[in-house]
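Biologist: I am new to this structure and would like a close look at a single part of it. Please start from the record and then go to that part.

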Amino acid sequence: MKKILITGGAGYIGSHTAVQLVQSGFEPIIIDDLSNSEEKVLDRLEEILGKRLTFYKGDCSDRALLDQIASEHEIAGVIHFAAFKAVGESTIQPLKYYQNNIGSLLTILEFMKARQIKDLVFSSSCTVYGQPDVLPVTEQTPRQEAESPYGNTKKICEDIMVDLVKSKAGIRVISLRYFNPVGAHPSGKIGELPIGTPANLVPFVTQTAAGIREKLTVFGDDYDTVDGSCVRDYIHVMDLADAHVKALAYLGEQKDDFYDVFNVGTGNGNTVLEVINTFEKVNGVKVNFQIGERRPGDIVKIWANTSKINSVLDWHPSYSLEDSMRDSWNWQKNL
Ligand SMILES: NC(=O)c1ccc[n+]([C@@H]2O[C@H](COP(=O)([O-])OP(=O)(O)OC[C@H]3O[C@@H](n4cnc5c(N)ncnc54)[C@H](O)[C@@H]3O)[C@@H](O)[C@H]2O)c1
């Protein structure tokens, strides 16, 4: 069984990817400093998988710890999820974001080079596209100046990996540009665990439905979209997790010094109001929401062209928006 080091593997997307990796015959080795997750996730993963995953509590910028892991396990590849991701906080504490998101990637790349670990899958984001002129966005759509330090870290990380591959360091990299991850494992045992006020729509919806938040505000209903609210491409986290497994398999077939980037979305856009309506309909619960002012800096609409990942990685999403809303609510209820 190939061992894959998953940085940030106790987090939202990492934990779901760990499940899919095990189910595809890989052995995940998780490193997470629990800065945005809880150790309980490991118990939940054990309940789902019927076995305990190997877990190191620590910072993936700690080279000595990485070397220790590599001396204890033959690591075949890395999936680098670990990063801070709160866009708003990144505008207030930009150095914290540059330090963690870029610093951890640099350490991981140095480590991989030194240990001759070839394959890396990196968590990038559709935020690199900004508000694109033409929709849906393909991987050729030009990246735009980042709206936030967080978004900038994703652009810079992509550039660093491109430069390293050009230098013939022998590594093979895929950047997955995630659109909007939603949903949870169908068992309801793992899901998104926002600490503090959620920055993303769906946790806000589920917390409002659960009575934890009094009211959800929809920022603007007068944009140029079907119902005036913003449009995003919501991808179920289980489908997203699968894309990492496919990406690893594909990397294994490539020559050294390989870099490519793939959009991971459904290829469909849904408005904020459609998400709320779907949530209410599927789960039979009301969400207390109000229409508020437009929020400065919000992207009005973005969704993915997914032809590349569909044809090259043979990856196709299998969960619907209804599934996502059902699974998110199921997870919230378990919480
Ligand atoms: N969730 C989204 O909406 C979204 C969208 C696009 C891209 N991404 C990217 O996907 C990745 C995973 O996101 P997520 O939603 O699972 O976030 P998350 O916060 O749930 O998971 C990230 C995990 O990394 C850990 N971590 C952070 N810094 C670390 C470090 N230096 N060393 C070890 N562990 C560290 C955290 O404790 C957490 O468990 C991130 O890189 C994020 O930027 C997420």
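Where does UniProt place the feature "domain: NAD(P)-binding"? Within that setting, which residues of helix 2 (residues 40-49) are buried?

Modeller: This is a predicted model, in which local features need pLDDT of at least 70 and side-chain atom pairs count only at pLDDT 80 or more, while totals for chains, interfaces and linings use all residues. Residues are numbered from 1 along each chain as its sequence is written.

An unreviewed UniProt entry places the feature at residues 5-327; such annotations may be inferred rather than shown by experiment. That span is 39% helix and 18% strand, with its end C-alpha atoms 27 Å apart. Helices (H or I, at least four residues) and strands (E, at least two) are DSSP runs, numbered from the N terminus.

In helix 2, Val41, Leu42, Arg44 and Leu45 are buried, meaning that 20 or more other C-beta atoms, placed from the backbone, lie within 10 Å of their own. These four sit on the same side of helix 2, because they cover an arc of only 160° around the axis, taken from the directions from the helix axis to the C-beta atoms. An α-helix has 3.6 residues a turn, so residues three or four places apart point the same way.

Helix 1 and strand 3 (54-57) are among the elements that cover the buried residues of helix 2, where contact means C-beta atoms, placed from the backbone, within 7 Å. On the face turned away from the buried side, Lys40, Asp43 and Glu47 are exposed, that is, with 12 or fewer such neighbours. After helix 2 comes glycine 50, with a positive phi near 75°.

Conventions
Contact = placed C-beta atoms within 7 Å.
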